[in-house]
Amino acid sequence: MNLLDDTCYMCDDIATTDEHVPPKCLFPDGYRKNLITVRSCKKHNNDKARDDEFLRTLLVYDDDANKFGNDLFFGKTLRAVSRKPIAYANFFKPQLQINSPTGIVHKIDRNRFDQCVEHIVKGIYFYHYNKKIFSHLFVASPRFNSRTRKGNPYVKSEIIDFCNRVKSILQYEPIYGDNREIFQYRILSTKDGILFAAQFYESTEIFVSGSV
Ligand SMILES: [Zn+2]
C-alpha cells in the first residue's frame with residue numbers, strides 16, 4: 001500500500017471527502033477547535049450521517065453528561081426526535097423497569113455503537129500514525145456494557161477489569177483533544193497493538209483495544 005495515494009482511512013478506495021473523527025455533530029458551535037479530519041471514500045463518509053446521529057443521541061442521553069451534552073440533548077436531539085420519532089425510538093428499546101434513579105434500562109444496538117466507535121478510533125489512529133487498521137477492534141464502555149440482575153444494573157467484572165487495565169496502561173500518555181469538554185482521548189500503539197481511551201462530555205468513557 002502506498003500511503004502517498006489519496007485513499008480512504010477505512011479501506012483502500014480512492015478518497016473523495018474529508019471526514020470528521022469524531023463526527024462534527026458531537027461538537028456544539030464554539031467548541032469545534034482543530035477538529036480532526038481524515039480522508040475518506042464516499043462509502044465511509046456519506047453513508048454514515050444516520051450513524052453519527054445515533055452515536056450523538058446515545059452519548060447525550062446521559063444524566064451525568066456536562067452542560068454541553070445536556071444542551072445538545074435538549075436542543076438538537078429533542079428537535080430531531082420530534083421530526084423523526086420512529087427512527088429515534090428505534091435507537092432505544094426500553095427493556096424493563098429497574099431500581100435505578102431513571103427506572104428504565106434501555107437496550108441499544110451494540111453492534112452499531114461499536115462500529116461508530118471503531119470509525120472514530122481508526123480515524124484517529126490514521127491521523128496519528130498515517131497507518132490503517134483493517135481488523136476488528138474490541139470496544140468496551142461501562143455505560144453501554146450494563147446488564148441487569150434482579151432488576152439492578154451491573155457491569156460484568158471482565159469488562160471492568162479490561163477498562164481499568166487500559167486506563168492504567170494509558171495513564172502517563174498525553175491527553176489529546178482541543179475541545180476537552182466535549183471529547184478527549186489517549187492513544188498508544190505498540191508492536192502488540194493499539195490501546196485507546198476516550199471520554200465524551202466529561203462523562204461517558206470508552207476503552208478500545210485491537211491489533212494493528
Ligand atoms: Zn472507505
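This report walks through a predicted model of a protein chain, from its confidence to its helix packing and a few individual residues.

## How confident is the model?

Let's begin with the confidence values. Across the protein chain the mean pLDDT is 89, and 93% of the residues reach 70 or more. Confidence is highest in strand β8 (residues 176–179), at a mean of 98. At the other end of the scale is strand β3 (residues 92–97), where confidence is lowest, with a mean of 68. Where pLDDT is low, the predicted coordinates should not be read in detail.

## Helix α2 and its two partners

The crossing of α2 past α3 is left-handed.

Which residues of α2 meet α3? On the α2 side they are Glu53, Arg56, Thr57, Leu59 and Val60, and on the α3 side Gly69, Leu72, Phe73, Thr77 and Ala80. This contact is made up of five nonpolar, three polar and two charged residues.

Now turn to helix α5 (residues 110–129).

## A buried threonine

Thr204 belongs to strand β11 (residues 204–210). Is Thr204 buried or exposed? Thr204 is buried, because 20 other C-beta atoms lie within 10 Å.

Setting aside neighbours within four places in sequence, the contacts of Thr204 are Leu59, Asp62, Ser141, Arg143 and Gln199. Among them, Leu59 is also one of the α2 residues that meet α3. His106 is 98 residues from Thr204 along the chain, and their C-alpha atoms are separated by 16 Å.

## Backbone details in the loops

The loop between β1 (17–20) and β2 (37–40) holds Pro22. The peptide bond leading from Val21 to Pro22 is cis, with omega near -10°. Asn34 lies in the loop between β1 and β2 too, and has a positive phi of about 50° although it is not a glycine. With 8 other C-beta atoms within 10 Å, Asn34 is exposed.

Asn130 sits in the loop between α5 and β5 (138–140). Its phi is positive, near 55°, in a residue other than glycine. Asn130 is exposed, with 9 other C-beta atoms within 10 Å.

Key:
Residues numbered from 1 in each chain as written. Predicted model: local features only at pLDDT ≥ 70, side-chain atom pairs only at ≥ 80, totals over all residues. Left-handed = near helix turned anticlockwise from the far one by under 90°. Helix = DSSP H or I, 4+ residues; strand = E, 2+ residues; numbered from the N terminus. Contact = placed C-beta atoms within 7 Å. Nonpolar A, V, L, I, M, F, W, Y, C, P; charged D, E, K, R; others polar. Buried ≥ 20, exposed ≤ 12 C-beta atoms within 10 Å, placed from the backbone. pLDDT = per-residue confidence, 0-100.
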